[in-house]
Amino acid sequence: MRMPAPEAAALAQRDELIAEFRALLGRDAVIADQAGLEVYENDGLTAYAQKPMVAVLPATTDEVAGVLKICARRGIRVVPRGAGTSLSGGALPLADGVLLGLGRFNRILDVDVANRCAVVQPGVPNLAITTAVAAHGLYYAPDPSSQIACSIGGNVAENAGGVHCLKYGVTTNNILGLEIVLIDGTVVRLGGRHMDAGGYDLMGVLTGSEGLLGVVTEVTVRLLPRPETVRALLMGFPQVADAGACVAEIIGAGIVPAGLEMMDRDAIHAAEAFCDAGYPLDVEALLIAELDGPGPEVEALIARVAAIARAAGATSLRESRDEAERQRFWAGRKAAFPAVGRISPDYYCMDGTIPRGRLPEMLGIISGLTREYGLRCANVFHAGDGNLHPLILYDANAPGELERAEAFGAEILKACVRLGGVLTGEHGVGIEKRDLMGEMFTETDLAHQQRLKCAFDPDGLLNPGKVFPTLHRCAELGRMHVHHGQLPHAHLPRF
């Protein structure tokens with residue numbers, strides 16, 4: 001995976017750039033020594049690393065605007081970074097670029113109980129929002145497994161989801177307003193504290209744009225009331241395919257659980273050893289279903305789901321007896337990624353989405369690929385919405401294993417597209433899936449997407465090297481294609 005080659009003209013400005021940043025931000029907010037820059041050399045996709053030319057840590061929207069104005073004037077590329085938990089390389093810096101860290105944007109500015117929303121800065125950890133509003137009986141629904149660390153600004157950039165996104169939606173369904181800074185330093189506010197903003201859905205454009213269009217400096221999030229009753233059900237199956245079929249049956253019955261997660265044997269054993277969640281160890285697959293709502297409704301739904309699971313071949317059924325046990329069920333699932341780190345020197349976390357009904361087929365494909373590439377794979381899924389997170393186990397110190405893991409992962413993502421799915425569910429494209437975009441989109445599709453980027457960032461300075469396999473200059477995208485001397489649509493008048 002290659003990043004854009006460093007430009008000598010940018011590197012030549014380093015000393016002047018550092019001086020200008022220090023005049024704007026103060027010496028402590030500008031990191032230029034090599035030891036300090038090592039902290040920012042990679043993100044959650046740790047297989048790739050390179051130091052930025054310089055890192056800056058602004059603390060206000062005006063300072064972000066000032067940094068971007070300097071970079072735009074000098075033609076310097078910028079990579080925005082939140083907590084650095086991106087698993088797709090979305091925050092991987094550029095050797096000739098500025099790493100714009102938003103860690104100092106860490107305050108919850110307002111909790112508006114009457115309007116069920118909160119205004120937060122982008123560096124606030126996801127889980128901190130729910131913690132801050134819990135006393136009001138409210139919570140923030142999207143809950144990525146990394147929610148204790150990942151920042152809300154990064155969640156907006158990647159359109160993050162989590163185990164409860166099946167019923168409550170991903171980030172784009174749970175934010176009401178954004179403040180963003182464009183590359184020329186212009187500050188733009190979108191939405192507000194109301195449900196639907198008028199005009200074009202620019203928040204929808206910005207959410208999931210992976211830092212290519214602007215820098216988020218404030219987020220207004222939607223808060224939900226805590227459900228009256230919440231129950232979780234553990235269902236163990238002798239075959240992974242049986243669990244996949246059970247997922248399809250639950251959704252087909254018109255039941256929409258708050259969460260519906262799947263883990264295979266390797267993931268189950270790793271998670272159980274890591275946090276003693278109470279998982280059965282004699283099964284090949286485990287489903288966790290959570291139902292919430294009024295008490296009688298939840299009890300009825302739990303009974304219906306249990307009946308569906310038994311009919312699908314479940315050999316183990318266990319309902320959470322209290323809130324502590326429910327939290328233990330989820331602790332194992334949320335700890336699956338770090339837990340797998342105990343059974344393998346390294347792992348490569350994939351992220352693709354398929355139609356729910358094709359889960360058994362996809363699991364068969366992954367099983368075949370493990371034999372083809374000679375690498376183990378632990379499977380953890382947001383099964384309810386078909387979002388897969390296969391964890392390919394490898395040893396980076398073993399020659400060729402990283403390359404095999406990458407090739408294995410690419411085949412999984414290609415299979416997702418073949419089965420009618422998409423390349424990513426919540427981790428974003430970044431650099432990880434950049435070169436696979438052609439599997440899903442035509443050149444015309446990609447050109448139109450890049451034209452949107454040109455509208456926000458005409459010089460291509462924001463987070464280049466991510467998402468697009470080939471990033472064309474905006475002038476190139478605007479040129480007319482002439483083939484064998486023939487203009488397209490020659491009958492139309494030209495002005």
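These legends go with close-up views of a predicted model.

**View 1. Tyr-139 and Tyr-168 meet edge-to-face.** This is one of two aromatic pairs in the structure. The ring centres of Tyr-139 and Tyr-168 sit 6.4 Å apart, and the planes make an angle of 85°, so we call the pair edge-to-face. The two partners come from distant parts of the chain, 29 residues apart: Tyr-139 belongs to strand β7 (residues 138–139), while Tyr-168 belongs to helix α7 (residues 165–168). Tyr-139 is buried, because its relative accessible area is 10% and the cut-off for buried is under 20%.

**View 2. Tyr-373 and Phe-408 form a stacked pair.** Tyr-373 is in helix α14 (residues 359–373) and Phe-408 is in helix α15 (residues 401–418), so the pair ties together parts 35 residues apart in sequence. Both partners are tucked away: Tyr-373 is buried at 15% relative accessible area, and Phe-408 is buried at 0%.

**View 3. Asp-276 has a positive phi.** Most residues other than glycine have a negative phi. Asp-276 isn't a glycine, yet its phi is about 50°. Look for Asp-276 in the loop between α10 (265–275) and β14 (285–293). Is Asp-276 buried or exposed? With a relative accessible area of 55%, Asp-276 is exposed.

**View 4. Asn-463 has a positive phi too, in a buried spot.** Phi of Asn-463 is near 50°, and this residue isn't a glycine either. Asn-463 sits in the loop between α17 (443–456) and α18 (474–478). Although it is in a loop, Asn-463 counts as buried, at 1% relative accessibility.

Terms used: Residues are numbered from 1 along each chain as its sequence is written. This is a predicted model: local features need pLDDT of at least 70, side-chain atom pairs count only at pLDDT 80 or more; totals for chains, interfaces and linings use all residues. Side-chain values use heavy atoms; hydrogens and water are left out. Rings of Phe, Tyr and Trp (its six-membered ring) pair if their centres lie within 6.5 Å; planes under 30 degrees apart count as stacked, over 60 as edge-to-face and the rest as tilted. Helices (H or I, at least four residues) and strands (E, at least two) are DSSP runs, numbered from the N terminus. Buried means under 20% relative accessible area, exposed over 50%, partly exposed in between (1.4 Å probe, protein chains only).
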